Amino acid sequence: MITFDSAHRREVMGHYATGIVVVTALTPDGPAGFTCQTFGSLSIDSALVFFAATSASTSWQRVRDVGVVGINILRHDQEPVARAFARSGVDKFTGVPWKSAPNGSPFLEGCLAYLEGTIREVATHGDHDIIVAELDFAATEPGEPLVYYRGQYRLLAE
């Protein structure tokens, strides 16, 4: 069996392009959220999605405690939003306009799509939690997605 270090694993896994979402919740202390590139549809008929969050993240812990999440699929021109919500130890919502989703989650203005749902399952694997949420709401806006590939934000090629 061949072994390889974490830097090599990261480089290899970076060859898989992903979209970028910001996961949000309205906590008793105000809105909370974080940038996430591990997100996808799990089931259409049951309206389930999944995402991953670093288990030790304080933003994820705040969001998890609420139980209802907003998922904001970022548009091609929202790299500054992705970077802002990837930071730790700051108020990520400063200067970021948002509106309330049907169940109270923050929806960031200008996104490509919006989803809201209830957390149904959390499983810890390695240093991340894998979360399954059941959707209650979904909407789209026109535009192209923000893509992350090989350590950089990119535009989708046509």
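Strand E3 gives the most to the lining of the largest pocket, with seven residues. Helices (H or I, at least four residues) and strands (E, at least two) are DSSP runs numbered from the N terminus, and a pocket is an open set of points on a 1 Å grid over the protein atoms alone, where a 1.4 Å probe fits, with protein on both sides within 12 Å along at least five of seven lines; lining residues have an atom within 4 Å of a point. The model is predicted: local features need pLDDT of at least 70 and side-chain atom pairs count only at pLDDT 80 or more, while totals for chains, interfaces and linings use all residues. Residues are numbered from 1 along each chain as its sequence is written, and side-chain values use heavy atoms, with hydrogens and water left out.

The largest pocket holds about 1500 Å³ of space, a volume being the space filled by probe spheres set on grid points that are joined across faces, edges and corners. Its lining comprises 46 residues, and Thr35, Gln37, Thr38, Thr54 and His128 lie nearest the centre. Among the elements that each supply at least two lining residues are helix H1 (6-13), E3 (30-36), E5 (48-54) and E10 (128-140). By class, the lining has 17 nonpolar, 18 polar and 11 charged residues; Ala, Val, Leu, Ile, Met, Phe, Trp, Tyr, Cys and Pro count as nonpolar, Asp, Glu, Lys and Arg as charged, and the others, Gly among them, as polar.

E3 also belongs to an open sheet of seven strands, ordered E3-E2-E6-E9-E10-E5-E4 with antiparallel pairing; two strands pair if DSSP finds at least two bridges between them. E3 and E4 (39-43) are the edge strands, each pairing on one side only.

Within this sheet, E5 and E10 pair in the antiparallel sense over seven bridges, and Val49 stands opposite Ala133 in E10. Two helices pack on the sheet. H2 touches E2, E3, E5, E6, E9 and E10, and its direction makes about 120 degrees with that of E3. H3 touches E2 and E3, at about 110 degrees to the direction of E3. Contact means heavy atoms within 4.5 Å; axes are lines fitted to C-alpha atoms, for helices over the stretch in contact, and angles run from 0 to 180 degrees between N-to-C directions.

E5 is largely enclosed by the rest of the structure, because five of its seven residues are buried, that is, under 20% relative accessible area with a 1.4 Å probe and protein chains only. E4 and E5 pair in the antiparallel sense over four bridges, and Val49 in E5 is the bridge partner of Ser41. In the hairpin of E4 and E5, four residues lie between the strands, and Ala47 takes a positive phi near 55 degrees.

Definitions and conventions
Buried < 20%, exposed > 50% of the residue type's maximum accessible area, 1.4 Å probe, protein only.
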